[in-house]
Amino acid sequence: MWKQRQHNLGDGVEGTILIRLISSFALALLVASAQEGAIDLNRWKVKAGDNPAWAASDFDDQSWQASGAPQLYVTRAGIQTSGIRWYRTRLRLPPVLATQSLAIALPPMDEAYEVFVDGVRVGGIGSIDPSPVGRFDRHAAYPLPAQRSDTITIAIRRWAGKSNSNLVPLTAAGQIGGTKHPPRVGLAALLQAQEELHRLEGERSRSPRRAASWILLLLGLIAMVLYFEQRARREYLWLGLAMGSFGLFSHLGIVAVSLDLPRRSLIASLIVLGYIAAASWTSLFLKELAPRARWLMFFTWGISILQAIWFFTYYYFDFERTEYISFEPAIILCAQAIVAISLLLTKRQRRDGVVAVFLVLFTLVRFSGRFGSNLIDWQGYTFDLRDMALAASALCCLAVLYLRFRDEQKEQRRQAQELAAGQRVQEFLLQSESTGTSLFEVEKAYLPALEVGGDFYQLMPRSDGTLMVVVGDVSGKGLEAAMMGARLLGALETLTDLAPGEVLSRLNQTLHRRSQGGFVTCCCALFATDGTVTIANAGHPAPYCDGREVEVEAGLPLGIMDGIPYGESVLAGGRFSFVSDGVVEAENAHRELFGFDRTREISGKSAQEIAEAARAWGQTDDITVVTVRSKA
């Protein structure tokens, strides 16, 4: 009857929090009302080695070493031991229990064991033969044989490897915690209830760690969302991977325990390795905050590779632990501290320095476990300082990164507004120009590499029927180049009556006074009514006339040196094509330039066809084409 109730209770525990609380309260009342129904077994004898005969009730164990009750870990003078050990004790059952249905309850013990009563195996966790397989520890109660004498002999055969195996998912799942007690014999129903209560207490005590894992997982997801909003900001990626990995692998540990995987299985080991290696992402995050500290990335990954090698030899292959790895947290801590201090000393990156300091504090707390416990017990809950430090660090990092993200969004909106304004100004200046006069037919094509470009052109008909054409290219691309081109177009409005050489000289003076290190190539041509063309050139690609490149006097680009005269070349009329270097320097996937020969071959086509040919080849710069021919 009790077993059926207990089975239903166990199902309810897994259902809702309310049922868990009711179950815990009921079990606590039952345990408190029947403490006299169990006997603690505190005196044992222990011997290292293995012999099946040691389970027999008539075996003489007088020479064995006296010992206290078996604990979670097999230790001797604070040093973990490995291999098989046997524990034996004898118990004379009091008359009140001798005829009852009894069981033996055992606390969690690392990492495989078998329990014998009078030579009969009554239960165990994991397996020892033919090769040991450890399972995750748990509270358990095993029924005693119904046929037994008043004095029983209890033997525990347990095996532990050379290393603590995969304790991260174990503690994350809440299996370590709750009431620690020696093995005890008593009423079966009572002990089953007690062990269930201990399991619930363990879950309750470790619930803060589960909550911290959920918080870290959530913070990791938030950081990843920020990364997908700004792909160029990889610090969000590394922070998201770091925080998300800490949270994710903790929950994967819970799954490993729930599925009762072998503790030294590859899956369980990879879960723990992922949890440990997650700390390496924090160094990549710091590297993004301090781009000059590229050494930190290689340094950390080198340490992480050594740690992974050590991990598999220590946890999975059950080798003896090597002590050099004890310095790993200290080494990473020192490296991170160097980066944090450098950021704090940099005026523009003090906010990033605060983030780095919090990460260093987390590493410090993580390292402090070498010198003492990181666990704090309060009101039945167990708080891990490492989880608290990591959650606090993650919150600080996200808060600072969010502030930076908000500032960057404002700056991007400001730049977008400036680009839109520059684009509107440029479109107005370029598209408002005439497509020709009564004497000349003009075609033009303009393809900026970005939203706005640095190329410009101007068509200026004169009252005497002549037409001045100016084509130029400002060094650089984007808004700054576009605004410089707009200023030059504005300056040209006052120079319509001058000769081409004088126009370039005046533009050079204007640009030299306002230039901040940039320069402009420019070609100015005056088409006369008699068919002649006067051209002055300032470092711009020479125009083409009827399919051939025109030889013109070359001059320095505008803005390099003040007071430079620009010579003029007078040519006979024809169909002229003016192009910017965006046509000649178009580059395909094989890094082959469009070049002067291809430009010359298509120079007789329309302006739009020339521009489209260059773009199809592979646009890398602003493309401008203007063609002019006389209608006569």
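Let's start with a pair of strands: β7 (residues 102–106) and β12 (residues 184–187) run antiparallel and share four bridges. Two strands count as paired if DSSP finds at least two bridges between them. Strands here are DSSP runs of E with at least two residues, and helices are runs of H or I with at least four, numbered from the N terminus. Within this pair, Ala 105 has Arg 184 of β12 as its bridge partner.

A word on the source: this is a predicted model, in which local features need pLDDT of at least 70 and side-chain atom pairs count only at pLDDT 80 or more, while totals for chains, interfaces and linings use all residues. Residues are numbered from 1 along each chain as its sequence is written, and side-chain values use heavy atoms, leaving out hydrogens and water.

Both strands belong to an open, antiparallel sheet of four strands. Its edge strands, β1 (38–40) and β10 (140–143), each pair on one side only. Helix α5 (residues 188–229) lies across β1, β7, β10 and β12, at about 120 degrees to β12. Contact means heavy atoms within 4.5 Å; axes are lines fitted to C-alpha atoms, for helices over the stretch in contact, with angles from 0 to 180 degrees between N-to-C directions.

There is also an open antiparallel sheet of five strands. In that sheet, β16 and β17 (residues 467–474) pair over seven bridges, and Pro 461 has Leu 467 as its bridge partner in β17.
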